Amino acid sequence: MKDKIIFWLNSDFTHFTIAKAIQDKYDAEFFAIIDITNEPKKFFQKQQIVEFNQIWFYHDNINLTKKPDVNYLRNFEEKYRINLWTLACNERLFYQFNDYYTFTEEQILSILEQECKLFEKILDEIKPDFLIMLDTNMHHNHLFYEISKKKGVKPLLLVATRLARRWTISSIADNVDFLPDKIDGKGNKSFEELQNYLKEFDTFTLISTTEKRFSGSSMGLFRAAMTFLFKNVNSSIKTHYSYYGRTKLRVLAKSMKNMLKTKYRGSFINNNFVKHVDNYENFVFFPLHQEPERSLLLTAPFYTNELEVITNIVKSLPMGYKLLIKEHPAMMNREWRPISYYKKIISLPNVILVHPSVKPEQLYKKCSLIITISGTGSFEGLFYQKPSIVLADTSFSMLSSVHRLYSIESLPEDMRDSLKKKVNLLELNEYVDTVLKNTFEFDYHNYTLDFGEQFYFGSFLVDVEIDEEQIQIFIEKHNSLLEKLAYEHIKKINQYKKMDK
């Protein structure tokens, strides 16, 4: 019997190109759920690059006129032990981050019901052995991932690690499979050598360069705007709930408004955030997350209000300590946060806001403790001998100098205890070595930017037709990388099979 592999495909085409590379090397039956807008949908309806046994277009199966069956949803939750409201309340399209459309409770429940029935039907019909997809980032692909696991499908998620450009194929988000439960402590690098090593995988530099590459394409933005306004049919506004309310006029108006917001808020940041931290002593460092982001919405669903988290940290500070908070540099391409948000932080006692241009290592060197919700700062700080507290499960929570907070009420005591901890050098060496042995280099951000520049006007407009011949050329151009990614997926499939014997 051939293995059955189901893919979740979306607009960045990464897993479509991976599917092609795997199919060239591995004899299996291929299936796909495709989450795409109407214009690129035409490509999938006729493409001959990857031979799928069957495909489903996600949005073709969602109709908001249907009344929800709450009893079905209640039974579904009991059957799979999946809390649907946790996913729905943290869906960026449903609440807080959607400026174009307000969904009713009935519409949200209707979407959830149709998704659950569709995903159950697909999985029961084809009974796949493996699920291959990018790490989940929306409620619906995360829901499919969770149902698949409950039905015994083995997930192969393409997951970023805490070391920039180091990726892995994992069954769980923010996790490296087959790591030992406990790191015993081996390795011979000094902290200074580890710091230099970390700079090779510097997430701050990676984020800064990719964000500049994305935002710096003024010609791509102009071409995307002209195509959207005068050529694009914009049919997805009627068929895709994620596009509801996105009329051409409203999108244009919001784009202009966002440009002004970015400039105005950026001016406030430049005038009110500190740009030098050399004079600060005895402080706790809290780096803000980019929003919206899966590391909050899915990884830490009950800590999505960062302002509330900051307030609780301030309440828990030991006497004589300040809290330094740094804005995420990627927020520049999301218009920064409202000035009122920053003013609320500034109004708190013992709080200093740090300019996003300040390199994190300057804060790592000076701080006494790092607190993140689920951010990479808590990991990188270990290289500078700084203990940390995290509010969600992370791939590095097993390390003895990282404290996983389970109750906000225990934060004052846990903070005092963590301030006394020392980072175990041998343990950190062993952890880094083990992660490197189980990961591979992959510059996902620049790969998708390459695709966006060739097909999506610099990633500014994704609802456009895709030419099959040009996709073939793109695949051939990145052939060596795709062969490596195929090898890593096939290796993980064989690891699963070995475990099942």
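A pocket here is an open set of points on a 1 Å grid over the protein atoms alone, with protein on both sides within 12 Å along at least five of seven lines, while a cavity is a set where a 1.4 Å probe fits but cannot get out; lining residues have an atom within 4 Å of a point. Volumes are the space filled by probe spheres set on the points, which are joined across faces, edges and corners.

This is a predicted model, where local features need pLDDT of at least 70, side-chain atom pairs count only at pLDDT 80 or more, and totals for chains, interfaces and linings use all residues. Numbering starts from 1 along each chain as its sequence is written, and side-chain values use heavy atoms, leaving out hydrogens and water.

**The second largest pocket**

Let's start with the second largest pocket, at about 460 Å³. Its lining has 21 residues, and Ile 172, Ala 173, Leu 298, Thr 299 and Asp 393 lie nearest the centre. Helix α6 (residues 139-150) is the top contributor to that lining, with four residues.

**The cavities**

The whole structure holds six cavities of 30 Å³ or more. Here are two of them, with residues sorted by class: Ala, Val, Leu, Ile, Met, Phe, Trp, Tyr, Cys and Pro count as nonpolar, Asp, Glu, Lys and Arg as charged, and the others, Gly among them, as polar.

| Cavity | Volume | Lining by class |
|---|---|---|
| Largest cavity | about 110 Å³ | five nonpolar, no polar, five charged residues |
| Second largest cavity | about 80 Å³ | four nonpolar, five polar, two charged residues |

For the largest cavity, α15 gives the most to the lining, with three residues. Among the residues lining the largest cavity are Lys 199, Asp 202, Glu 361 and Tyr 384. The second largest cavity is lined by residues including Trp 8, His 15, Met 133 and Asn 141; β1 and β4 (130-134) are the elements that give two or more residues to its lining.

**The sheet**

Helices (H or I, at least four residues) and strands (E, at least two) are DSSP runs, numbered from the N terminus, and two strands pair if DSSP finds at least two bridges between them. Seven strands make an open sheet with mixed pairing, in the order β3-β2-β1-β4-β5-β6-β13. β3 (54-57) and β13 (440-441) are at the edges with a single partner strand each, so one side of each has no neighbour in the sheet. Strands β1 (residues 3-9) and β2 (residues 28-34) run parallel, joined by seven bridges, and Ile 6 sits opposite Phe 31 in β2.
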